[in-house]
Amino acid sequence: MLIEGSSMREINNLKTRLSATFEMKDLGPAKQIMGMKISRDRSAGSLNLSKELHIEKVQSRFRVSDAKPRTTPLANNFKLSNEQSPNTVEERNVTLQGFMDADLGGDVDSSKSTSGYIYTIGGTAVSWMSRL
């Protein structure tokens, strides 16, 4: 069981009540759950999940872990300038993030799989897909 909350006092209270009813061990702060690496920045109040290990397993399964990354070049006439660079902290923190997930035969009625992805820039979805 993974317990998460904003108050350590409440978390410890819950653990005390659970341990009175169930046999349990406190394994300390979680480092991984469901194949996702957990990282925290307590000073910023952030909790991040990474599926990097899962992606590496998928790459290995399909024998593409040795594939070479390629950049997508810009058109020859496309020019960048210093004025287009981010100027504020907020602009520098805006990043493109991609998330993907899939299940295997998760649809109860048809046993079909669902897969999907979403790309966000600065927390706003710019592209997504979900397919059964």
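Reader: As I take it, helices (H or I, at least four residues) and strands (E, at least two) are DSSP runs numbered from the N terminus; which strand holds Thr 120?

Author: Thr 120 lies in strand E5, which covers residues 115-121. This is a predicted model, in which local features need pLDDT of at least 70 and side-chain atom pairs count only at pLDDT 80 or more, while totals for chains, interfaces and linings use all residues. Residues are numbered from 1 along each chain as its sequence is written, and side-chain values use heavy atoms, with hydrogens and water left out.

Reader: Is Thr 120 buried or exposed?

Author: Thr 120 is buried, at a relative accessible area of 9%, where buried means under 20%, exposed means over 50% and partly exposed lies in between, with a 1.4 Å probe and protein chains only.

Reader: And which residues does Thr 120 touch, beyond its neighbours in sequence?

Author: If neighbours within four places in sequence are set aside, Thr 120 is in contact with Thr 95, Leu 96, Gln 97, Phe 99, Ala 125 and Val 126, contact being heavy atoms within 4.5 Å. Of these residues, Ala 125 in E6 is also the bridge partner of Thr 120.

Reader: What about Ala 125 itself, how accessible is that residue?

Author: Ala 125, which is found in strand E6, counts as partly exposed at 43% relative accessibility. Apart from neighbours within four places, its contacts are Ile 118, Tyr 119 and Thr 120. As for Leu 27, which is 98 residues from Ala 125 along the chain, the two C-alpha atoms are separated by 36 Å.

Reader: How many bridges join E5 to the strands E4 and E6?

Author: Seven bridges join E4 to E5, and these two strands run antiparallel; another 7 bridges join E5 to strand E6 (residues 124-131), again antiparallel. Two strands count as paired if DSSP finds at least two bridges between them. In the hairpin of E5 and E6, 2 residues stand between the strands, and Gly 122 takes a positive phi near 60°.

Reader: Where does Ser 113 sit, and what does Ser 113 contact?

Author: Ser 113 is in the loop between strand E4 (96-102) and E5, and with a relative accessible area of 30% it is partly exposed. Leaving out neighbours within four places in sequence, Ser 113 is in contact with Asp 103, Leu 104, Gly 105, Gly 106, Arg 131 and Leu 132. Its C-alpha atom is 11 Å from that of Asp 101, which is 12 residues away along the chain.

Reader: Switching to E1, E2 and E3, what do these strands form?

Author: They form an open sheet in the order E1-E2-E3, and the pairing is antiparallel. The edge strands are E1 (32-33) and E3 (46-50), each of which pairs on one side only. Strand E2 (residues 36-41) is joined to E1 by 2 bridges, and Ile 33 has Met 36 in E2 as its bridge partner. Between E2 and E3 there are 5 bridges, with Arg 40 partnered by Leu 47 in E3.

Reader: And which turn residues in that sheet have a positive phi?

Author: Among them are Met 34, at about 50° in the turn of the E1 and E2 hairpin, which has 2 residues between the strands, and Gly 45, near 70° in the hairpin of E2 and E3, which has 4 residues between the strands.

Reader: Zooming out, in what order do the elements run?

Author: From the N terminus on, the order is α-β-β-β-α-α-β-β-β. The chain is more spread out than a compact globule, because its radius of gyration is 21 Å, well over the 14 Å that the globule rule gives for 132 residues; the radius is taken over C-alpha atoms, and the rule is 2.2 Å times the number of residues to the power 0.38. The C-alpha atoms fill a box of roughly 70 × 45 × 30 Å along the principal axes.
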